[in-house]
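Me: I would like to learn how to read a few local features from a model of a protein. Could we take them in turn, with the general idea and then the case at hand?

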Amino acid sequence: MNDLNQSTLDHPQVVGQRTPRIDGEFKLTGRAGYTGELSVEGMLYGYPVAATIAHGTLERLDLDEALAMPGVVDIFHHANFPRLHRSPNSMGHGDQVSEVRLPFEDERIYYHGQYVALVVAESFAQARAAAQRVVARYRQETGAISSLLDGAHDSHTEGELLEDAGTTRGDPEAAFDRAAVKVDAVYHIAAESHLQMEMHATLAEWRDGGSRLVVHESSQGVFYQRNAMARIFDLAQENIEVISHYIGSGFGNKLFMWPHAVAAAGAARELGRPLKLVLPRAQDMTGGGNRPASRQRLRLGADRDGRLSAVIHDSTTETSLVDRYVDACGSATPSFYACDNLAVSQRILALNHGTPCPMRAPGEVSGIFALETAMDELAVALQMDPVELRLRNYAHEDPESGLPWSSKQLDKCLHSAAERFGWAQRDPGIGAMRDGDEIIGYGMAACTWFAGRQPCQARVELRADGTLFAACGTQDIGTGTYTIVAQTVAELTGVAVADIEVKLGETSLPTGPLSGGSMATATTLPAVAAAVRDALSALKEVATGHGGVFAGVDADSLTVAEGALSDGERSYRFAEVLEAMRLSSVNGQGSSAPGEEKKQYSFRSFGAHFVEMRVDPGISRVRVSRVVSSMDIGRAINPPTARNQVEGGIVMGIGMGLFEKLDYDPRDARLINANVADYIVPVHADIPEIDVELLDYPDFKFNEFGARGVGEIGLTGIAPAISNALYHATGKRYRDLPVTIEALLADHASA
């Protein structure tokens, strides 16, 4: 039985239990409407023309041949596009965009793949064919900056130092100088593509004589896109609707709007017809965001017992010439380990690349690679077990804020994963563990991700037909938000999940959060719960009012169970209560927001990864053969999907560690592997045996459901565990990601 005034869910019946995804049938049967698959009457198709240089000026476009091709309606470019406003690009005001520069804003070329024109035609094939006939004439300039990691950029102090992105406590430089044992190393990580299954897509339609804009978008933040478009097109926010019902992943590159969406909406308004634009893969990779490359210097100082006395973490990451994106590599470092002397600094270097953007576990996944590899190097220098080193520097409260943790079980993660992995059987000798021709390496790393919440609103409706309806504007990006909202409603009402309809991903619905940062679950569910309770209160008022089934009974005395109200003697289902008063439904509104708890506690999730690598030098084969992980994420609302999120993060971490790299031509900064043939990712044959444990320690200080996010943390820590396992197998320390076969061959040849 569920008490309406219950503030915590200590013994849930649905929440925390395995629940089939309510959107699964729609996806399996093809009825889930992804943006690229939608069509409306009279729809046109857009296809961008992208710059083939990275640095220079567009001098002219030869359009005659393209304009004369069948089905072509118009071609938009710098001299043929409406003058628009820029978005203020404010996170605080909810109008942030991924790239503030408008499409075709000027004729300067800042990066390879920048849009120089948009061909519009009656069909996709016609638009694509005509785009291939547009001839762009450029004045190419020398001096393009191709990569942070090329030979021209090796200074530790290069780039713009960000004063607001650093932190210092104690006297880290003096402590490092005095340290008995030191590590001072530089780590490099190549730029990565999100390479999500569904490319960026927009369907823009102007209605009511051009006064109202409806946009279907593959978006992780429909309200941010609505607000930004309102600023750009000088419209009231209520005259714009952004819809994103289903998304084929984004991993962060769909959090905020990109110029292609503005181009589609602008062209649709000029032509007076709906227009759909789906980016081709190459343009998605050149101009749709990426994780920027990073160079990090880590200095660790410790005493002979392994206790840290100094941590100094300096990072440089890439940004573009048209926007200023900061991938905060040092954001987790101040809170990870107990150390009185610490400094974190951050620089950015502007390059002739498309603007980078958040990618799953932005900043922290890169920073944790450097930190956890350095910790392994320190363990080697101390001749200490790497697990023991981490336990000796365990932070029992947040070293940065001084606040107690709301809940922290990292020690249990380390012990449990180590036991299941068989870490005690590890021979610490380099290359000492073998199986036939294969050298076996064991490596491990701890991991973490911050726990955050955002403001949120929701609406719940109890209907006379016995069903329930829940609505929130947040998106389901493929992670199972539809289902956990239904679980929440079912938990508090006792109605079966199958009888609950959930609607998400529309700006016409109550305001919901971004689907990013592993914040959506902890943000959305408290608002949904508040809406359920408000709806139940309304139902009780109906039931106890004049003519109600419980007329004259104290409303607060009624309890809720199995979709019914009860006074202890009589029980009436919700539908019966409504039918007695000839009502079709009652509604409840709910909201939630972070409160005083963030001043009282520090919130983070923690975990540990243990990795087995196998290296066969004779055939130059390197593979991850086994991963064992333990995660402390509070309560998992739907354990199978939560575990799947960790497993997906592990696979992405294998890609980061061994495969993924955006290659830019050092001569002119063009991206040369903007396709799925040349950009290498793990395939099924690369996936090892994966054992994921989710510890069950609900964090009720964070929210009533005890849930923290799970999307990011599975990725953090995998790459350093791989690197550390390779060191154990080969004796070579790999500080540059990805660790390629070529690097291993070169080391083998020189050995």
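This is a predicted model: local features need pLDDT of at least 70, side-chain atom pairs count only at pLDDT 80 or more; totals for chains, interfaces and linings use all residues.

Me: How many residues does helix 6 have, and what span does it reach from its first C-alpha to its last?

Reply: Helix 6, residues 259-271, has 13 residues and reaches 18 Å between its first and last C-alpha, which is close to the 18 Å expected at 1.5 Å a residue. After helix 6 comes G272, whose phi is positive, near 70°.

Me: Is helix 6 largely enclosed or left open by the rest of the structure, and why?

Reply: The general idea to start from is that an α-helix has 3.6 residues a turn, so residues three or four places apart point the same way. In this case 10 of the 13 residues of helix 6 are buried, so the helix is largely enclosed by the rest of the structure. Among the buried residues are P259, H260, V262 and G266, and what covers the buried residues of helix 6 includes strand 3 (72-77), strand 10 (201-207), helix 5 (222-233) and strand 13 (275-278).

Me: At what angle do helix 9 and helix 17 pack, and how far apart are their axes?

Reply: Two packed helices are described by the angle between their axes and the distance between the axes. Helix 9 and helix 17 (residues 718-730) pack at about 30°, with their axes 8 Å apart. Because angles under 35 degrees count as roughly parallel, helix 9 is roughly parallel to helix 17. The crossing in which helix 9 passes helix 17 is right-handed, and the residues that meet include I368, F369 and E372 in helix 9 and A719, S723 and Y727 in helix 17.

Me: Which strands does strand 19 join by bridges?

Reply: Eight bridges link strand 19 (residues 456-463) with strand 25 (residues 585-592), the two running antiparallel, and the bridge partner of E461 in strand 25 is N587. Strand 19 also runs antiparallel to strand 20 (residues 468-472), to which four bridges join it, with V460 opposite A470. The hairpin of strand 19 and strand 20 has four residues between the strands, and in this hairpin G466 takes a positive phi near 95°.

Me: Where does D435 lie, and with which residues beyond its sequence neighbours is D435 in contact?

Reply: D435 lies in strand 17, and at 42% relative accessibility D435 counts as partly exposed. Leaving aside neighbours within four places in sequence, D435 is in contact with I440 and R614. D435 and H728, by comparison, are 293 residues apart in sequence and 15 Å apart in space, C-alpha to C-alpha.

Terms used:
Residues are numbered from 1 along each chain as its sequence is written. Side-chain values use heavy atoms; hydrogens and water are left out. The expected span of a helix is 1.5 Å times one less than its number of residues. Buried means under 20% relative accessible area, exposed over 50%, partly exposed in between (1.4 Å probe, protein chains only). Contact means heavy atoms within 4.5 Å. Axes are lines fitted to C-alpha atoms, for helices over the stretch in contact, and angles run from 0 to 180 degrees between N-to-C directions. Angles under 35 degrees count as roughly parallel, over 145 as roughly antiparallel, 65 to 115 as roughly perpendicular and the rest as oblique. A crossing is left-handed if the near helix is turned anticlockwise from the far one by less than a right angle, and right-handed if clockwise. Two strands pair if DSSP finds at least two bridges between them.
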